Amino acid sequence: MFNDMFNDMFDDMFDGQILGHERNLTPQFAGDIFRNLSKNYKAIALRFPPDLHSSPLPSAVTKESGMPEYKLKVNGTDVNLNVDVEMPLLWALRDVLGLVGTKYGCGIAQCGACTVHVDDMPVRSCSVKVSDLAGKSVRTIEGLANGTELHPLQQAWIDVDVAQCGYCQGGQIMSAAALLARNPDPSDNDINTALEGNYCRCGTYNRIRSAIHQAADFYDASGLSMNSGEDTA
Ligand code: FES
Ligand code: FES
């Protein structure tokens, strides 16, 4: 029985990474374990801040008055961010807007865990400043589905059971979505090239390629147009 509950908990965690949120976990102890894991990730990130993150933590700077305001569109919604001029986009997404599906990995544009789209192009959100993005449109893993309708990549990820620990998968999917938007029928080499900056310490690369091919086949069969998510207009 304990094993079943534990497996359910991790299934929910993995799917949550693909959808950009953590699902409700039952029983209660499973939620407690997950929150502790999340706290540990954050604690590790704060304990070893890279040089890039020498600016004040966002939870502190956003409470101060006098910060400049930057207007962006995030997942189709206009937002005004009053943040430090040096704040990386990743900080604003996670700690100001609460969009925690985008992950902190390396902080120096090397791992791909923080990948989002800016004006439909994949970018490392740890290494671009909010102040450089005024007027631009940002899409995160939370904005990839169209309402309750999963993006074909998210459905393929679940069908192929891609995720292992899940930590890198949001970034992998965002890079894959950008690839399919410009190349509807990518070869394995195309996929390897487009996602070479997205690292998976669990080694799920074969399943990632399978899922991308499945999503491409879905588009081909359905005749739907490629895009990186819901309409942002
Ligand atoms: S956290 Fe941004 S690339 Fe690693
Ligand atoms: S699934 Fe664990 S790092 Fe990619």
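I began with Leu-99, which touches Leu-93, Arg-94, Thr-140 and Glu-142, residues up to four places away in sequence not being counted; contact here requires C-beta atoms, placed from the backbone, within 7 Å. I noted that this is a predicted model, in which local features need pLDDT of at least 70 and side-chain atom pairs count only at pLDDT 80 or more, while totals for chains, interfaces and linings use all residues. Residues are numbered from 1 along each chain as its sequence is written, and chains are lettered from A and ligands numbered from 1 in the order in which they are written.

I then placed Leu-99 in the loop between α4 (89–96) and β3 (115–118). Helices (H or I, at least four residues) and strands (E, at least two) are DSSP runs, numbered from the N terminus. Leu-99 counts as buried because it has 22 C-beta neighbours inside 10 Å; the cut-offs are 20 or more other C-beta atoms within 10 Å for buried, 12 or fewer for exposed, and partly exposed in between. I also looked up Gly-143, 44 residues from Leu-99 along the chain, and found their C-alpha atoms separated by 9.7 Å.

Of its 233 residues, 39% are buried.

Next I turned to the sheet. The 5 strands form an open sheet in the order β2-β1-β5-β3-β4, with mixed pairing; strands pair if DSSP finds at least two bridges between them. β2 (77–82) and β4 (121–124) stand at the edges with a single partner strand each, so one side of each has no neighbour in the sheet. I found β1 (residues 69–74) and β5 (residues 137–139) paired in the parallel sense over 2 bridges, and Val-138 in β5 is the bridge partner of Val-74. Helix α6 (residues 169–182) packs on the sheet, touching β3 and β4, and its direction makes about 35° with that of β3.

Last, I examined α5 (residues 152–160) and α8 (residues 205–222), which pack at an angle of about 130° with axes 8 Å apart. Axes are lines fitted to C-alpha atoms, for helices over the stretch in contact, and angles run from 0 to 180 degrees between N-to-C directions. That angle makes α5 oblique to α8; angles under 35 degrees count as roughly parallel, over 145 as roughly antiparallel, 65 to 115 as roughly perpendicular and the rest as oblique. Among the residues that meet, I noted Trp-157 in α5 and Phe-218 in α8.

Note on methods
Two residues are in contact if their C-beta atoms, placed from the backbone, lie within 7 Å.
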